[in-house]
Amino acid sequence: MWKLINIELYKIFTKPRTYIGFGAIFVIITAIEIGIKIKGDDMFAMILENLSDKFIFEGKLINMYGVGYVILNTLWIHVPILVALVTGDLLAGEANGGTFRIILTRPVSRVKLIISKFLAGWVYTLMLIIFMILLSALWGVVLFGPGDLLVMTTKVSIIGSDDLIWRFATAYGYGFLCMTTVATMSYMLSAMSDNSIGPIIGTIALIIGITVVSTVGASLLEPVLPYFFTTYLQSWQKFFNTEFTFSLVAHDILIQLIYIFAFFFITLFYFRKKDILT
Amino acid sequence: MRRRLIIGLILGIGFGVSGVSGYAQGDEANVLLNNLAKNFEKLEQFSAEAVIKVDVDFIKIKDRVIKVRFEKPDKFTFDSEGLTLLPKNGLQLEYLTLISKGYTSILAGQEDLSGIHTKIVKVIPEIETEDIVLAQLWIDPVANRIVKMKTYTKKSGSYLIEFKYTDHPFNLPDQTVVTFDISALTLPAKVMSEFQPQAEKVKEGPSTARVIVQYRNYKVNQ
């Protein structure tokens, strides 16, 4: 099994498209960090304009944690696309290249193949997130240094720098769980397709579509919204709640896990019965 | 003719008395403010640690310790290790700035505050560029210090500042409580998270903010 995973990882990391994700993350994070370094004061002044009428903000408002928080917000829009770019190709790519017949004539069960390909895709997703964390932290340290985090939602929270590492770690952990859901969904679509364009575009279209429809037609879809995994993609923000308890995110984590297992078992079931025609 | 003379005399006396009384009130107010200013004449600079407690329903922040520095005549600097929220008015001994520049003052009565007999003085700054347009001071005439102050500003509404003292030199406050109105404050909800400036009114909770500042470790003229 371990050998199978290694082979799949080798396949993933020898494809140029794998590095599009890392390249895109590098460009986006670098642009955000440098942009905030140059124009951050104006940005924060605009955000805090209202509060500034009554309060003076004393201390380092723009710091590595603040910028890290902004990056967390923006990158969950792009990361699903970058994840789907690879995981959507895992099975459909083989079908498209006509290599399934050769692989499946080897003494490897379809179940093992599905599991190993999935785990390899999962490792890629994990590496993408780790790269994002490291790059964000590195730029943050070099350009800004530490400080307290100001979180503005319907409330204003100021979280001390000594209370932030675990929040970022768990927020990224939750983000990774969400990206696993995305990866599993595109993997499932990949199993159902003989061309990798379909699963990649399908995953992105589904996520964007559901999110847009949920936002625009929130009142119409209210009864079903709690059942969409996209509803909980932004739940990482709950880790920055000053009164955080696990119960705040338990339901959200459960929904993501249910989707991961559902997508995975549909893939498994479908692929075991699939006629390999290419 | 005689009747007119009597009416004229009564009116004359009336205006005269009220004029003298008004002048006396203004004069007493000036004396109170001058005594207050004398307190600080020998105060060149001071530094202190201040523990800031922000009591606002929608703001979650732990108590912060900052360093406050004052240099004559009215320069204040704040040094904070972390991020701190300070009220825009109330922490910079604004009355010093007020009385060090031109002003008009009126004695507006007296009131007992927590067992302290105070005289109420209204101060109108003469310089139009000042943010404060009117200040009402509750002055303890025995100890020559301000017990309470209400300022009306052009930009940020009114602030009520209450002072508590122990025995610091130059009558520097031991605790300052700043209360101000935030009912008109709107929060750009989730701006940080989504870059969608959906201004959302703060509906819950009280419409006033309270910032309690506890001073300690005063170092004066050192």
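How many bridges join strand β10 of chain B to strand β11 of chain B, and in which direction do the two run? The legends below take this up first. This is a predicted model, in which local features need pLDDT of at least 70, side-chain atom pairs count only at pLDDT 80 or more, and totals for chains, interfaces and linings use all residues. Residues are numbered from 1 along each chain as its sequence is written, chains are lettered from A and ligands numbered from 1 in the order in which they are written, and side-chain values use heavy atoms, with hydrogens and water left out.

**View 1. An open sheet of 10 strands in chain B.** Strands β10 (residues 158-164) and β11 (residues 175-181) of chain B are joined by 6 bridges and run antiparallel. Here strands (E, at least two residues) and helices (H or I, at least four residues) are DSSP runs, numbered from the N terminus, and two strands pair if DSSP finds at least two bridges between them. Look for B:Y159, whose bridge partner in β11(B) is B:F180. At its edges, β4 (75-80) and β6 (103-113) of chain B each pair on one side only.

**View 2. A sheet with strands from chains A and B.** Its 3 strands form an open sheet in the order β2(A)-β3(A)-β2(B), with mixed pairing. The edges are β2 (149-152) of chain A and β2 (59-61) of chain B; each has a single partner strand, so one side of each is left without a neighbour in the sheet. Between β2(A) and β3 (residues 156-159) of chain A, which run antiparallel, there are 4 bridges. In this stretch A:L150 stands opposite A:I158 in β3(A).

View 3. The side chains of B:K60 and A:E243 meet at 3.9 Å, N to O; a salt bridge is a side-chain nitrogen of Lys or Arg within 4 Å of a carboxyl oxygen of Asp or Glu. B:K60 is partly exposed, with a relative accessible area of 22%, whereas A:E243 is exposed at 54%. Buried means under 20% relative accessible area, exposed over 50%, and partly exposed in between (1.4 Å probe, protein chains only).

**View 4. A salt bridge between A:D89 and A:K15.** The closest N and O atoms of this pair are 2.7 Å apart. A:D89 sits in the loop between α4 (64-87) and α5 (92-97) of chain A, and A:K15 in the loop between α1 and α2 (18-47) of chain A, 74 residues apart. A:D89 counts as buried at 6% relative accessibility, while A:K15 counts as partly exposed at 35%.

**View 5. A:R110 over the face of A:F271.** A:R110 lies 5.6 Å from the ring centre of A:F271. A charge sits over a ring if NZ of Lys or CZ of Arg is within 6 Å of the ring centre and within 35 degrees of the ring normal. In chain B, you can find B:K148 over the face of B:W138, at 4.5 Å from the ring centre.
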